[in-house]
Amino acid sequence: MHRRLFPRTLALVALVAAAATAGAPGATAEAPTPAVTRLNATIDAILANPALAGAQASVVVADTATGETLYDRNGDRRLVPASNTKLLTSTAAMAVLGPEHRFTTDVRASGRRQGGRVAGDLYLRGGGDPTMLAADYDALAAQVAAEGVRVVVGDLVADDTRYDRTRLGPDWTWDDEPWYYAAQVSALTVAPDTDYDAGTVIVHAAPGARAGAKPVITTTPPTGYLRFDNRATTVAGGETSISFEREHGGNTIVVTGQIAAGDDPASDWVTVWEPTGYAADVFRSALRRHGVRVLGRTVLGQATPAGATPVARHDSMPLADLMVPFLKLSNNGHAEVLTKEIGRVVSGSGTWSAGLAAITRYVADAGMDTGTLRQRDGSGLSRRNLVPAGEFVDLLAAVRSEPWFDTWYEALPIAGQPERFVGGTLRSRMQGTPAAGRVHAKTGSLTGVSGLSGYATDADGRVLAFSILLNNYLASSVKGLEDQIAIALASYSEKSVSTAKVAPPAAPSSAPAPEGVECSWVKPIAC
(Lines give C-alpha, C1' and ligand atoms only; values in the text may rest on other atoms or scores of the structure.)
Protein backbone atom coordinates (compact mmCIF):
# COMPACT_ATOMS: atom_id res chain seq x y z
CA MET A 1 0.00 0.00 0.00
CA HIS A 2 1.23 3.50 -0.84
CA ARG A 3 2.28 5.41 2.26
CA ARG A 4 2.33 9.19 2.23
CA LEU A 5 5.51 10.64 3.71
CA PHE A 6 3.92 13.94 4.68
CA PRO A 7 0.22 13.28 5.43
CA ARG A 8 -1.80 16.45 5.50
CA THR A 9 -4.58 16.90 8.00
CA LEU A 10 -8.16 17.74 7.20
CA ALA A 11 -8.47 20.33 9.97
CA LEU A 12 -8.99 23.80 8.48
CA VAL A 13 -8.16 27.13 10.04
CA ALA A 14 -10.31 29.89 8.54
CA LEU A 15 -8.25 33.02 9.09
CA VAL A 16 -8.97 35.37 6.21
CA ALA A 17 -12.48 35.17 4.80
CA ALA A 18 -11.60 36.97 1.58
CA ALA A 19 -9.14 34.21 0.70
CA ALA A 20 -12.05 32.17 -0.66
CA THR A 21 -11.52 33.85 -4.03
CA ALA A 22 -8.72 31.38 -4.71
CA GLY A 23 -10.02 28.29 -2.91
CA ALA A 24 -10.77 26.92 0.54
CA PRO A 25 -9.12 28.38 3.67
CA GLY A 26 -5.68 27.23 4.78
CA ALA A 27 -5.16 24.08 6.85
CA THR A 28 -2.62 23.06 9.45
CA ALA A 29 -2.34 20.40 12.12
CA GLU A 30 -4.61 20.60 15.15
CA ALA A 31 -3.72 23.23 17.76
CA PRO A 32 -1.28 25.14 15.55
CA THR A 33 1.40 27.23 17.21
CA PRO A 34 1.08 31.04 17.06
CA ALA A 35 3.81 31.11 14.43
CA VAL A 36 1.97 28.62 12.21
CA THR A 37 -1.28 30.49 12.71
CA ARG A 38 0.38 33.71 11.62
CA LEU A 39 2.00 32.04 8.61
CA ASN A 40 -1.41 30.71 7.55
CA ALA A 41 -2.92 34.15 7.88
CA THR A 42 -0.13 35.70 5.83
CA ILE A 43 -0.42 33.19 2.97
CA ASP A 44 -4.22 33.40 3.03
CA ALA A 45 -3.98 37.17 2.71
CA ILE A 46 -1.63 36.84 -0.27
CA LEU A 47 -3.97 34.40 -2.00
CA ALA A 48 -6.88 36.80 -1.40
CA ASN A 49 -5.36 39.17 -3.97
CA PRO A 50 -7.91 40.22 -6.62
CA ALA A 51 -5.56 38.94 -9.33
CA LEU A 52 -6.66 35.43 -8.28
CA ALA A 53 -10.40 36.15 -8.37
CA GLY A 54 -12.01 33.14 -10.05
CA ALA A 55 -8.67 31.33 -10.26
CA GLN A 56 -7.55 28.08 -8.68
CA ALA A 57 -4.73 27.69 -6.17
CA SER A 58 -3.04 24.62 -4.73
CA VAL A 59 -0.46 25.53 -2.08
CA VAL A 60 1.30 23.30 0.47
CA VAL A 61 4.20 23.99 2.86
CA ALA A 62 5.88 21.35 5.05
CA ASP A 63 8.82 21.16 7.44
CA THR A 64 11.17 18.61 5.85
CA ALA A 65 12.73 17.66 9.19
CA THR A 66 9.57 16.90 11.16
CA GLY A 67 7.09 16.17 8.39
CA GLU A 68 4.69 18.75 9.86
CA THR A 69 2.40 20.39 7.32
CA LEU A 70 2.53 24.12 8.02
CA TYR A 71 0.05 25.18 5.34
CA ASP A 72 -2.35 23.36 3.03
CA ARG A 73 -4.79 24.96 0.67
CA ASN A 74 -6.33 22.56 -1.81
CA GLY A 75 -3.20 20.44 -1.56
CA ASP A 76 -4.92 17.48 -3.24
CA ARG A 77 -6.31 19.51 -6.15
CA ARG A 78 -4.81 18.58 -9.53
CA LEU A 79 -3.61 21.63 -11.45
CA VAL A 80 -1.48 22.21 -14.54
CA PRO A 81 2.09 22.51 -13.23
CA ALA A 82 3.88 23.84 -16.35
CA SER A 83 7.66 23.52 -15.87
CA ASN A 84 7.31 22.35 -12.29
CA THR A 85 6.90 19.01 -14.11
CA LYS A 86 10.68 19.06 -14.52
CA LEU A 87 10.99 18.22 -10.82
CA LEU A 88 9.72 14.71 -11.59
CA THR A 89 11.85 14.32 -14.71
CA SER A 90 15.08 15.63 -13.20
CA THR A 91 14.91 13.62 -9.98
CA ALA A 92 14.07 10.45 -11.89
CA ALA A 93 16.97 11.08 -14.26
CA MET A 94 19.42 11.51 -11.39
CA ALA A 95 18.15 8.34 -9.72
CA VAL A 96 17.72 6.11 -12.78
CA LEU A 97 20.57 7.26 -15.04
CA GLY A 98 22.91 8.45 -12.30
CA PRO A 99 24.90 11.70 -11.93
CA GLU A 100 27.80 10.28 -13.99
CA HIS A 101 25.66 9.30 -16.98
CA ARG A 102 26.99 10.61 -20.30
CA PHE A 103 25.65 10.70 -23.85
CA THR A 104 27.97 9.33 -26.54
CA THR A 105 28.08 10.46 -30.18
CA ASP A 106 30.40 8.40 -32.34
CA VAL A 107 31.48 7.83 -35.93
CA ARG A 108 31.87 4.37 -37.47
CA ALA A 109 32.77 3.06 -40.89
CA SER A 110 31.52 0.05 -42.83
CA GLY A 111 33.21 -1.70 -45.75
CA ARG A 112 36.86 -2.35 -46.46
CA ARG A 113 39.50 0.20 -45.65
CA GLN A 114 42.40 0.69 -48.10
CA GLY A 115 44.75 3.44 -47.00
CA GLY A 116 42.70 6.61 -46.75
CA ARG A 117 39.79 5.13 -48.71
CA VAL A 118 36.68 3.66 -47.06
CA ALA A 119 34.80 1.46 -49.51
CA GLY A 120 31.54 1.56 -47.53
CA ASP A 121 29.53 4.14 -45.60
CA LEU A 122 30.39 6.52 -42.76
CA TYR A 123 27.93 6.44 -39.86
CA LEU A 124 27.32 9.34 -37.49
CA ARG A 125 25.59 7.66 -34.56
CA GLY A 126 23.64 9.83 -32.13
CA GLY A 127 23.41 8.99 -28.44
CA GLY A 128 20.87 11.66 -27.54
CA ASP A 129 23.39 14.33 -26.48
CA PRO A 130 21.51 17.67 -26.29
CA THR A 131 24.78 19.58 -25.75
CA MET A 132 26.44 18.80 -29.10
CA LEU A 133 27.80 22.02 -30.58
CA ALA A 134 29.14 22.64 -34.08
CA ALA A 135 32.59 22.66 -32.45
CA ASP A 136 32.00 19.12 -31.20
CA TYR A 137 31.11 17.93 -34.69
CA ASP A 138 34.24 19.67 -35.94
CA ALA A 139 36.28 17.78 -33.34
CA LEU A 140 34.72 14.50 -34.49
CA ALA A 141 35.63 15.34 -38.08
CA ALA A 142 39.18 16.13 -36.98
CA GLN A 143 39.39 12.69 -35.36
CA VAL A 144 38.18 11.07 -38.60
CA ALA A 145 40.88 12.89 -40.54
CA ALA A 146 43.49 12.00 -37.91
CA GLU A 147 42.59 8.33 -38.43
CA GLY A 148 43.77 8.74 -42.02
CA VAL A 149 40.34 8.71 -43.70
CA ARG A 150 40.37 10.86 -46.85
CA VAL A 151 37.60 9.46 -49.07
CA VAL A 152 34.35 7.68 -48.22
CA VAL A 153 32.97 5.98 -51.30
CA GLY A 154 29.54 5.37 -49.81
CA ASP A 155 27.04 7.56 -47.96
CA LEU A 156 27.09 9.64 -44.82
CA VAL A 157 24.45 7.93 -42.68
CA ALA A 158 22.93 9.83 -39.76
CA ASP A 159 21.88 7.22 -37.19
CA ASP A 160 19.26 8.60 -34.78
CA THR A 161 17.74 5.21 -33.95
CA ARG A 162 18.53 5.32 -30.24
CA TYR A 163 15.15 7.07 -29.87
CA ASP A 164 11.94 6.78 -31.85
CA ARG A 165 11.00 9.20 -34.64
CA THR A 166 8.26 11.02 -32.72
CA ARG A 167 9.69 14.52 -32.71
CA LEU A 168 7.12 16.55 -30.76
CA GLY A 169 5.24 15.97 -27.53
CA PRO A 170 1.77 14.48 -28.03
CA ASP A 171 -0.11 17.48 -26.63
CA TRP A 172 2.05 20.39 -27.75
CA THR A 173 0.24 23.19 -29.59
CA TRP A 174 0.99 23.79 -33.25
CA ASP A 175 1.78 27.49 -32.83
CA ASP A 176 4.72 26.71 -30.51
CA GLU A 177 6.55 24.70 -33.19
CA PRO A 178 8.81 27.47 -34.59
CA TRP A 179 10.00 28.63 -31.18
CA TYR A 180 13.05 27.16 -29.55
CA TYR A 181 11.34 26.07 -26.33
CA ALA A 182 9.36 23.55 -28.44
CA ALA A 183 12.20 22.12 -30.54
CA GLN A 184 11.94 18.69 -32.13
CA VAL A 185 13.56 15.85 -30.20
CA SER A 186 16.10 13.57 -31.88
CA ALA A 187 18.92 11.34 -30.70
CA LEU A 188 21.15 13.25 -33.14
CA THR A 189 20.96 17.01 -32.98
CA VAL A 190 22.86 20.32 -32.69
CA ALA A 191 22.79 23.15 -30.14
CA PRO A 192 23.85 26.61 -31.34
CA ASP A 193 25.45 27.83 -28.10
CA THR A 194 26.11 26.86 -24.50
CA ASP A 195 22.52 27.35 -23.42
CA TYR A 196 22.26 24.01 -25.26
CA ASP A 197 18.92 24.55 -26.97
CA ALA A 198 19.29 21.50 -29.18
CA GLY A 199 17.47 21.45 -32.51
CA THR A 200 17.62 25.22 -32.99
CA VAL A 201 19.66 27.77 -34.90
CA ILE A 202 20.27 31.40 -34.08
CA VAL A 203 19.30 33.53 -37.08
CA HIS A 204 20.90 36.96 -37.50
CA ALA A 205 19.75 39.82 -39.74
CA ALA A 206 22.23 42.66 -40.32
CA PRO A 207 21.35 45.91 -42.12
CA GLY A 208 21.86 45.92 -45.88
CA ALA A 209 24.34 48.20 -47.59
CA ARG A 210 21.74 50.92 -48.16
CA ALA A 211 18.16 51.85 -47.39
CA GLY A 212 15.76 49.65 -49.31
CA ALA A 213 18.17 46.69 -49.43
CA LYS A 214 17.32 43.38 -47.86
CA PRO A 215 19.02 42.57 -44.56
CA VAL A 216 21.98 40.19 -44.67
CA ILE A 217 20.99 36.84 -43.11
CA THR A 218 23.47 34.55 -41.36
CA THR A 219 23.12 31.73 -38.83
CA THR A 220 24.87 30.29 -35.79
CA PRO A 221 26.11 27.72 -36.52
CA PRO A 222 26.61 28.26 -40.25
CA THR A 223 24.49 25.70 -42.09
CA GLY A 224 23.05 25.09 -45.52
CA TYR A 225 20.16 23.16 -44.02
CA LEU A 226 17.84 26.21 -44.00
CA ARG A 227 16.26 28.35 -46.70
CA PHE A 228 15.27 31.98 -46.17
CA ASP A 229 12.33 33.88 -47.58
CA ASN A 230 13.71 37.35 -46.87
CA ARG A 231 10.89 39.88 -47.02
CA ALA A 232 12.49 42.39 -44.65
CA THR A 233 13.91 45.79 -45.55
CA THR A 234 16.72 48.06 -44.42
CA VAL A 235 15.41 51.56 -43.55
CA ALA A 236 17.21 54.87 -43.10
CA GLY A 237 15.47 55.66 -39.84
CA GLY A 238 12.94 54.29 -37.40
CA GLU A 239 12.99 51.33 -35.09
CA THR A 240 14.23 47.87 -35.91
CA SER A 241 11.45 45.29 -35.88
CA ILE A 242 12.50 41.96 -37.37
CA SER A 243 10.66 38.65 -37.11
CA PHE A 244 11.88 35.15 -38.00
CA GLU A 245 9.37 32.31 -38.31
CA ARG A 246 9.87 28.83 -39.69
CA GLU A 247 7.10 27.55 -41.92
CA HIS A 248 5.45 24.31 -40.82
CA GLY A 249 6.73 21.14 -42.41
CA GLY A 250 10.10 22.35 -43.62
CA ASN A 251 13.10 24.56 -43.09
CA THR A 252 12.08 27.75 -44.86
CA ILE A 253 12.37 30.68 -42.47
CA VAL A 254 10.34 33.75 -43.34
CA VAL A 255 12.03 37.02 -42.37
CA THR A 256 9.74 40.05 -42.12
CA GLY A 257 9.89 43.61 -40.79
CA GLN A 258 12.58 46.22 -40.98
CA ILE A 259 16.05 46.97 -39.63
CA ALA A 260 17.51 50.44 -39.28
CA ALA A 261 20.76 51.16 -41.09
CA GLY A 262 23.60 51.25 -38.60
CA ASP A 263 21.84 49.06 -36.03
CA ASP A 264 23.40 45.93 -34.61
CA PRO A 265 22.15 42.68 -36.14
CA ALA A 266 18.78 41.40 -34.89
CA SER A 267 18.84 37.78 -33.71
CA ASP A 268 16.44 35.08 -32.61
CA TRP A 269 16.38 31.33 -31.94
CA VAL A 270 14.36 29.22 -34.39
CA THR A 271 13.71 25.48 -34.40
CA VAL A 272 14.65 23.28 -37.33
CA TRP A 273 12.50 20.66 -39.00
CA GLU A 274 14.18 17.27 -38.59
CA PRO A 275 17.24 17.84 -36.34
CA THR A 276 18.92 14.66 -37.60
CA GLY A 277 19.45 16.22 -41.01
CA TYR A 278 20.70 19.41 -39.37
CA ALA A 279 23.36 17.46 -37.46
CA ALA A 280 24.37 15.57 -40.61
CA ASP A 281 24.73 18.85 -42.54
CA VAL A 282 26.93 20.40 -39.84
CA PHE A 283 29.09 17.24 -39.64
CA ARG A 284 29.45 16.90 -43.41
CA SER A 285 30.67 20.50 -43.64
CA ALA A 286 33.17 19.79 -40.86
CA LEU A 287 34.46 16.71 -42.71
CA ARG A 288 34.98 18.82 -45.81
CA ARG A 289 36.97 21.41 -43.85
CA HIS A 290 39.23 18.64 -42.55
CA GLY A 291 39.85 17.20 -46.01
CA VAL A 292 37.49 14.22 -45.81
CA ARG A 293 35.28 13.70 -48.91
CA VAL A 294 32.07 11.70 -48.77
CA LEU A 295 31.14 10.76 -52.33
CA GLY A 296 27.66 9.47 -51.59
CA ARG A 297 24.53 11.20 -50.36
CA THR A 298 23.32 11.91 -46.84
CA VAL A 299 20.93 9.26 -45.52
CA LEU A 300 18.86 9.81 -42.39
CA GLY A 301 17.58 7.37 -39.81
CA GLN A 302 19.38 4.11 -40.63
CA ALA A 303 20.96 2.05 -37.86
CA THR A 304 24.71 1.51 -37.72
CA PRO A 305 25.69 -2.10 -38.59
CA ALA A 306 26.98 -4.14 -35.66
CA GLY A 307 30.31 -4.74 -37.35
CA ALA A 308 31.07 -1.13 -38.26
CA THR A 309 34.55 0.02 -37.22
CA PRO A 310 34.87 2.80 -34.61
CA VAL A 311 36.57 5.91 -36.00
CA ALA A 312 35.74 8.83 -33.63
CA ARG A 313 33.87 9.49 -30.40
CA HIS A 314 32.59 12.34 -28.27
CA ASP A 315 31.23 11.98 -24.72
CA SER A 316 29.01 14.63 -23.19
CA MET A 317 29.41 16.29 -19.83
CA PRO A 318 28.07 14.12 -16.96
CA LEU A 319 24.40 14.40 -16.08
CA ALA A 320 25.30 16.14 -12.81
CA ASP A 321 26.71 19.06 -14.84
CA LEU A 322 23.86 19.01 -17.38
CA MET A 323 21.43 19.63 -14.51
CA VAL A 324 22.65 23.25 -14.35
CA PRO A 325 21.54 24.48 -17.81
CA PHE A 326 18.56 22.11 -17.66
CA LEU A 327 17.06 23.41 -14.42
CA LYS A 328 18.49 26.94 -14.20
CA LEU A 329 17.19 27.82 -17.68
CA SER A 330 14.17 25.49 -17.67
CA ASN A 331 15.35 23.79 -20.86
CA ASN A 332 12.45 21.85 -22.35
CA GLY A 333 14.59 19.90 -24.80
CA HIS A 334 16.75 18.52 -22.00
CA ALA A 335 13.65 17.29 -20.19
CA GLU A 336 12.35 15.44 -23.22
CA VAL A 337 15.71 13.90 -24.12
CA LEU A 338 16.11 12.69 -20.54
CA THR A 339 12.63 11.19 -20.66
CA LYS A 340 13.47 9.18 -23.78
CA GLU A 341 16.92 8.28 -22.43
CA ILE A 342 15.35 6.93 -19.24
CA GLY A 343 13.03 4.79 -21.36
CA ARG A 344 15.93 3.53 -23.46
CA VAL A 345 18.09 2.64 -20.43
CA VAL A 346 15.30 1.05 -18.40
CA SER A 347 13.40 -0.85 -21.07
CA GLY A 348 15.37 -0.54 -24.29
CA SER A 349 12.74 1.75 -25.81
CA GLY A 350 13.64 5.40 -26.43
CA THR A 351 10.05 6.65 -26.40
CA TRP A 352 8.00 9.08 -24.38
CA SER A 353 5.73 6.32 -23.13
CA ALA A 354 8.58 4.13 -21.88
CA GLY A 355 10.35 7.05 -20.25
CA LEU A 356 7.24 8.36 -18.54
CA ALA A 357 6.43 4.89 -17.22
CA ALA A 358 9.89 4.69 -15.64
CA ILE A 359 9.60 8.21 -14.20
CA THR A 360 6.25 7.25 -12.69
CA ARG A 361 7.77 4.21 -11.03
CA TYR A 362 10.57 6.26 -9.52
CA VAL A 363 8.40 9.06 -8.11
CA ALA A 364 5.96 6.49 -6.72
CA ASP A 365 8.82 4.82 -4.87
CA ALA A 366 9.86 8.28 -3.65
CA GLY A 367 6.48 8.86 -2.01
CA MET A 368 4.23 10.48 -4.63
CA ASP A 369 0.74 9.06 -4.98
CA THR A 370 0.86 8.57 -8.75
CA GLY A 371 -2.82 7.66 -8.80
CA THR A 372 -3.59 11.33 -8.15
CA LEU A 373 -1.53 12.86 -10.98
CA ARG A 374 -0.88 12.67 -14.71
CA GLN A 375 2.41 13.31 -16.53
CA ARG A 376 2.30 13.59 -20.32
CA ASP A 377 5.78 14.90 -21.14
CA GLY A 378 9.08 15.60 -19.47
CA SER A 379 9.09 19.39 -19.62
CA GLY A 380 5.61 20.56 -18.67
CA LEU A 381 4.80 22.07 -22.05
CA SER A 382 1.71 19.88 -22.24
CA ARG A 383 -1.43 21.30 -20.65
CA ARG A 384 -2.61 17.75 -19.92
CA ASN A 385 -0.07 17.38 -17.12
CA LEU A 386 -1.91 17.51 -13.78
CA VAL A 387 -0.19 17.39 -10.38
CA PRO A 388 -1.41 18.46 -6.91
CA ALA A 389 0.86 20.73 -4.89
CA GLY A 390 0.88 18.22 -2.04
CA GLU A 391 2.44 15.57 -4.27
CA PHE A 392 5.25 17.92 -5.25
CA VAL A 393 5.94 18.55 -1.56
CA ASP A 394 6.07 14.80 -0.87
CA LEU A 395 8.63 14.37 -3.66
CA LEU A 396 10.69 17.37 -2.52
CA ALA A 397 10.81 16.02 1.02
CA ALA A 398 11.72 12.48 -0.05
CA VAL A 399 14.61 13.31 -2.39
CA ARG A 400 16.52 15.08 0.37
CA SER A 401 17.80 11.64 1.39
CA GLU A 402 19.14 10.79 -2.07
CA PRO A 403 22.95 10.66 -2.43
CA TRP A 404 22.81 13.11 -5.36
CA PHE A 405 20.52 15.59 -3.62
CA ASP A 406 23.09 18.33 -2.97
CA THR A 407 24.08 18.46 -6.64
CA TRP A 408 20.47 18.59 -7.76
CA TYR A 409 19.51 21.18 -5.12
CA GLU A 410 22.27 23.55 -6.26
CA ALA A 411 21.10 23.17 -9.88
CA LEU A 412 17.67 24.59 -9.02
CA PRO A 413 17.19 28.33 -9.68
CA ILE A 414 18.17 30.41 -6.61
CA ALA A 415 16.14 33.50 -5.76
CA GLY A 416 17.73 36.90 -6.26
CA GLN A 417 21.11 35.68 -7.52
CA PRO A 418 21.85 37.74 -10.65
CA GLU A 419 24.36 35.35 -12.27
CA ARG A 420 22.44 33.58 -15.03
CA PHE A 421 23.70 30.10 -14.22
CA VAL A 422 23.11 30.58 -10.49
CA GLY A 423 19.81 32.43 -10.22
CA GLY A 424 18.44 31.02 -13.45
CA THR A 425 14.75 31.82 -13.88
CA LEU A 426 14.70 33.35 -10.36
CA ARG A 427 17.65 35.66 -10.92
CA SER A 428 15.58 38.85 -11.07
CA ARG A 429 13.02 37.78 -8.47
CA MET A 430 13.09 38.41 -4.69
CA GLN A 431 16.31 40.40 -4.86
CA GLY A 432 17.10 42.20 -1.60
CA THR A 433 14.57 40.17 0.42
CA PRO A 434 14.97 37.44 3.06
CA ALA A 435 14.32 34.92 0.28
CA ALA A 436 17.39 35.92 -1.77
CA GLY A 437 19.84 33.04 -1.73
CA ARG A 438 17.57 31.01 0.55
CA VAL A 439 14.91 29.86 -1.89
CA HIS A 440 15.88 27.14 -4.39
CA ALA A 441 12.86 26.41 -6.55
CA LYS A 442 11.57 25.46 -9.99
CA THR A 443 9.51 28.03 -11.82
CA GLY A 444 6.73 27.28 -14.28
CA SER A 445 4.74 29.36 -16.76
CA LEU A 446 2.13 28.89 -19.45
CA THR A 447 -0.66 31.29 -20.33
CA GLY A 448 -2.93 31.37 -17.27
CA VAL A 449 -0.62 28.95 -15.43
CA SER A 450 2.14 29.73 -12.95
CA GLY A 451 4.00 27.66 -10.42
CA LEU A 452 6.89 27.77 -7.97
CA SER A 453 7.93 24.63 -6.09
CA GLY A 454 11.07 23.96 -4.10
CA TYR A 455 12.71 24.80 -0.79
CA ALA A 456 12.94 27.81 1.50
CA THR A 457 15.36 27.98 4.40
CA ASP A 458 13.47 29.85 7.13
CA ALA A 459 14.76 32.33 9.71
CA ASP A 460 15.47 29.49 12.15
CA GLY A 461 17.52 27.56 9.58
CA ARG A 462 14.90 24.90 8.90
CA VAL A 463 14.33 23.71 5.33
CA LEU A 464 10.71 24.03 4.25
CA ALA A 465 9.41 22.25 1.15
CA PHE A 466 6.69 24.14 -0.67
CA SER A 467 4.63 24.08 -3.84
CA ILE A 468 2.54 26.93 -5.24
CA LEU A 469 0.37 26.16 -8.28
CA LEU A 470 -1.91 28.87 -9.71
CA ASN A 471 -4.24 28.23 -12.66
CA ASN A 472 -6.96 29.97 -14.66
CA TYR A 473 -6.12 33.54 -13.68
CA LEU A 474 -6.63 36.42 -16.10
CA ALA A 475 -3.97 38.77 -14.70
CA SER A 476 -0.86 39.38 -16.80
CA SER A 477 1.31 37.80 -14.09
CA VAL A 478 0.90 36.36 -10.59
CA LYS A 479 4.58 35.68 -9.96
CA GLY A 480 4.71 38.55 -7.49
CA LEU A 481 2.25 36.63 -5.32
CA GLU A 482 4.43 33.52 -5.48
CA ASP A 483 7.36 35.68 -4.43
CA GLN A 484 5.45 37.07 -1.47
CA ILE A 485 4.72 33.54 -0.24
CA ALA A 486 8.36 32.52 -0.68
CA ILE A 487 9.50 35.62 1.24
CA ALA A 488 7.05 34.78 4.03
CA LEU A 489 8.54 31.27 4.24
CA ALA A 490 12.11 32.57 4.32
CA SER A 491 11.04 34.97 7.11
CA TYR A 492 9.16 32.34 9.11
CA SER A 493 10.33 31.71 12.68
CA GLU A 494 9.00 29.74 15.62
CA LYS A 495 11.22 31.73 17.97
CA SER A 496 9.85 35.21 17.37
CA VAL A 497 6.14 35.80 16.76
CA SER A 498 4.81 39.29 16.27
CA THR A 499 1.26 40.19 17.22
CA ALA A 500 1.10 42.97 14.63
CA LYS A 501 -1.66 43.04 12.05
CA VAL A 502 -1.11 40.53 9.21
CA ALA A 503 0.18 42.12 6.00
CA PRO A 504 1.67 40.23 3.06
CA PRO A 505 5.40 40.85 2.62
CA ALA A 506 6.30 43.06 -0.31
CA ALA A 507 8.10 41.59 -3.29
CA PRO A 508 10.19 43.88 -5.52
CA SER A 509 8.69 44.33 -8.94
CA SER A 510 10.48 43.29 -12.10
CA ALA A 511 9.56 43.39 -15.75
CA PRO A 512 7.47 40.28 -16.44
CA ALA A 513 8.20 37.94 -19.28
CA PRO A 514 5.71 37.93 -22.15
CA GLU A 515 2.55 36.10 -21.23
CA GLY A 516 2.77 32.36 -20.89
CA VAL A 517 6.51 31.72 -21.19
CA GLU A 518 9.37 31.17 -18.79
CA CYS A 519 11.63 34.14 -18.23
CA SER A 520 14.60 32.20 -19.59
CA TRP A 521 12.66 31.30 -22.73
CA VAL A 522 12.62 34.96 -23.83
CA LYS A 523 15.98 35.31 -25.56
CA PRO A 524 18.06 37.38 -25.36
CA ILE A 525 16.07 39.32 -22.74
CA ALA A 526 17.38 38.79 -19.20
CA CYS A 527 14.13 39.23 -17.31
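Entry one. I looked up I202 and found that it stands opposite T220 in β11. The model is predicted, so I noted that local features need pLDDT of at least 70 and side-chain atom pairs pLDDT 80 or more, while totals for chains, interfaces and linings use all residues. Residues are numbered from 1 along each chain as its sequence is written, and side-chain values use heavy atoms, leaving out hydrogens and water.

Entry two. Strand β10 (residues 200–206) is joined to β11 by five bridges, and the two run antiparallel; strands here are DSSP runs (E, at least two residues), helices likewise (H or I, at least four), numbered from the N terminus, and two strands pair if DSSP finds at least two bridges between them. Three strands make an open sheet in the order β11-β10-β16, with antiparallel pairing, and its edge strands, β11 (216–220) and β16 (266–271), each pair on one side only.

Is helix α1 largely enclosed or open? I found ten of its 14 residues buried, so α1 is largely enclosed by the rest of the structure, where buried means under 20% relative accessible area with a 1.4 Å probe, protein chains only. Among the buried residues of α1 are L39, I43 and L47, and what covers them includes β1 (56–63) and α11 (479–491), contact meaning heavy atoms within 4.5 Å.

L319 touches, among others, A93, M94 and L338, not counting residues up to four places away in sequence.

Methods. Buried means under 20% relative accessible area, exposed over 50%, partly exposed in between (1.4 Å probe, protein chains only).
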